Amino acid sequence: MFCKNCGHQHHEQAVVCMNCGVAVGTGESFCAHCGVRTVPGSYICTNCGVPLAKPMYLGEQKSKLAAGVLGILLGSLGVHNFYLGYTGKAVAQLLITILTCGAGATITGIWGLIEGILILTGSIDKDANNIPLKD
């Protein structure tokens, strides 16, 4: 293990770097895995490929629980798909329900129920922007 602040090697169980005195795990100047200097703000070490920080997403992560419950309760209206950004599928569910004067709600309701269950079980785990759903 290496200090992320100064790059000095330290013991795995160390709490503070004995070279610079900074708490282990703080800093952005060096890779904790290989000790090579990194560019602050980098997501991976260009030397060893180890992630330096949690990945950032260009959008906000949606809730798996919210999407699943919306699918189960309001699936016939496509609300869960609107929430996840699948607008085309959501509009299709909504139009089938409305244009059939509710007769198609049975079909879209079952469709939404199945998708809601798939979301809650993790089979559907990303939104339309390919961002993982949060628990």
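The mean positions of the 8 positive and 7 negative charges of the protein chain lie 3 Å apart. Here Lys and Arg count as positive and Asp and Glu as negative, while His and the chain ends are not counted; each charge is placed at NZ of Lys, CZ of Arg, CG of Asp or CD of Glu. Please keep in mind that this is a predicted model, in which local features need pLDDT of at least 70 and side-chain atom pairs count only at pLDDT 80 or more, while totals for chains, interfaces and linings use all residues. Residues are numbered from 1 along each chain as its sequence is written, and side-chain values use heavy atoms, with hydrogens and water left out.

**Overall build**

- The protein chain has 4 helices and 0 strands, with helices (H or I, at least four residues) and strands (E, at least two) taken as DSSP runs and numbered from the N terminus.
- Along the sequence, the pattern reads α-α-α-α.
- The radius of gyration of the protein chain is 23 Å, whereas a compact globule of 135 residues would have one near 14 Å; the value is taken over C-alpha atoms, and the globule rule is 2.2 Å times the number of residues to the power 0.38.
- Along the principal axes, the C-alpha atoms of the protein chain fill a box of roughly 75 × 25 × 20 Å.

**Surface and contacts**

- Of the 135 residues of the protein chain, 26% count as buried; buried means under 20% relative accessible area, exposed over 50%, and partly exposed in between (1.4 Å probe, protein chains only).
- The protein chain has an accessible surface of about 8,300 Å², and 63% of this surface belongs to carbon and sulfur atoms. Accessible areas come from the Shrake-Rupley method with a 1.4 Å probe, and for residues only the protein chains shown count as cover.
- Looking at contacts between residues at least 6 apart in sequence, 37% join residues at least 24 apart; contact means heavy atoms within 4.5 Å.

**The segment before helix 1**

- His10 sits in the segment before helix 1 and is buried, with a relative accessible area of 11%.
- The side chain of His10 reaches the backbone oxygen of Phe2 at 3.4 Å. This is a polar contact, meaning a pair of N or O atoms within 3.5 Å; within protein, one must be able to donate a hydrogen and the other to accept it, and residues adjacent in sequence count only if both atoms are side-chain atoms.
- Not counting residues up to four places away in sequence, His10 touches Met1, Phe2, Cys3 and Val24.
- Pro40 also belongs to the segment before helix 1, and is exposed at a relative accessible area of 55%.
- From Pro40 to Ala92, 52 residues apart in sequence, the C-alpha to C-alpha distance is 46 Å.
- Ser42 is another residue of the segment before helix 1 (64–74); its relative accessible area of 22% makes Ser42 partly exposed.
- Ser42 touches Leu52 and Ala53, leaving out residues up to four places away in sequence.
- The C-alpha atoms of Ser42 and Ser29 are separated by 9.6 Å, with the two residues 13 apart along the chain.

- Thr108 lies in helix 4 and is buried, with a relative accessible area of 0%.
- The side chain of Thr108 reaches the backbone oxygen of Ser76 at 3.3 Å.
- Beyond its neighbours within four places in sequence, Thr108 is in contact with Gly75, Ser76, Gln93, Ile96 and Thr97.
- Thr108 and Leu94, 14 residues apart in sequence, are 8.2 Å apart in space, C-alpha to C-alpha.
- Glu115 is likewise found in helix 4 (residues 105–121), and counts as buried at 8% relative accessibility.
- The side chains of Glu115 and His80 make a polar contact at 2.6 Å.
- Setting aside neighbours within four places in sequence, Glu115 is in contact with His80, Asn81, Lys89, Gln93 and Ile124.

**Backbone points to check**

- Most residues other than glycine have a negative phi.
- Cys101, a residue other than glycine, has a positive phi near 55°.
- Cys101 lies in the loop between helix 3 (87–99) and helix 4, and is exposed with a relative accessible area of 75%.
- Asn130 has a positive phi of about 65° although it is not a glycine.
- Asn130 is placed in the segment after helix 4, where it counts as exposed at 53% relative accessibility.
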